Amino acid sequence: MTDNSNNGFTLIELLVVMVIIATLLTIAVPRYFHSVEKSKEAVLRQDLSLMRDAIDKYYGDNSKYPDKLEDLVKKKYLRSIPHDPLTEAATSWQLVSPPGPEQGGVFDVRSGASGSGLDGSAYSEW
């Protein structure tokens, strides 16, 4: 005796599987985007720390601050100016001048990104 019934999936079984997949996606996708944002913020903090350290070393060696960020690259304090991970550009950094113009041009550097971090503070204040 042979069974002539089809061995495929029914429409109900396919719908149940799709509902389960959709439920899992609604849980996973927000966590993914949160982790991407968190990693961009970590890279931003590291880049700012690296550039500030290079500015301090430049000041220690030359008794004045660099006139522009490119001076840090020319004098080999940095290999290259890092890209701001939030604006995805190396030219968006906001430069803070020292109190006196005779001291140079770059006392500090901040992100040019608008908005706030996950901790609620503005990126421009980091």
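**Figure 1. Salt bridges in the predicted model.** The model contains five salt bridges, a salt bridge being a side-chain nitrogen of Lys or Arg within 4 Å of a carboxyl oxygen of Asp or Glu. The model is predicted: local features need pLDDT of at least 70, side-chain atom pairs count only at pLDDT 80 or more, and totals for chains, interfaces and linings use all residues. Residues are numbered from 1 along each chain as its sequence is written, and side-chain values use heavy atoms, with hydrogens and water left out.

**Figure 2. The network of R52, D108 and R110.** Salt bridges link these three residues in a network. D108 pairs with R52 at 2.7 Å, N to O. Because D108 lies in strand β2 and R52 in helix α1, this pair ties together parts that are 56 residues apart in sequence; helices (H or I, at least four residues) and strands (E, at least two) are DSSP runs, numbered from the N terminus. R110 also forms a salt bridge with D108, at 3.8 Å, N to O. D108 is buried, with 13% relative accessibility, while R52 is partly exposed at 24% and R110 is partly exposed at 27%. Buried means under 20% relative accessible area, exposed over 50%, and partly exposed in between (1.4 Å probe, protein chains only).

**Figure 3. Surroundings of D108.** Strand β2, which holds D108, covers residues 108–110. Leaving out residues up to four places away in sequence, D108 touches R52, I55, Q94, L95 and V96, where contact means heavy atoms within 4.5 Å.

Figure 4. The closest N and O atoms of D53 and K57 are 3.3 Å apart in their salt bridge. Both residues belong to helix α1 and sit four residues apart, about one turn of the helix. D53 is partly exposed at 37% relative accessible area, and K57 is partly exposed at 48%.

**Figure 5. The largest nonpolar core.** This core has 17 residues, of which L48, L69, L72, W93 and V109 touch the most other members. Helix α1 (residues 11–62) supplies the largest share, six residues. A nonpolar core is a set of buried Ala, Val, Leu, Ile, Met, Phe, Trp, Tyr and Cys residues joined through side-chain atoms within 4.5 Å. Apart from neighbours within four places in sequence, L69 is in contact with I81, W93, L95, V106 and V109.
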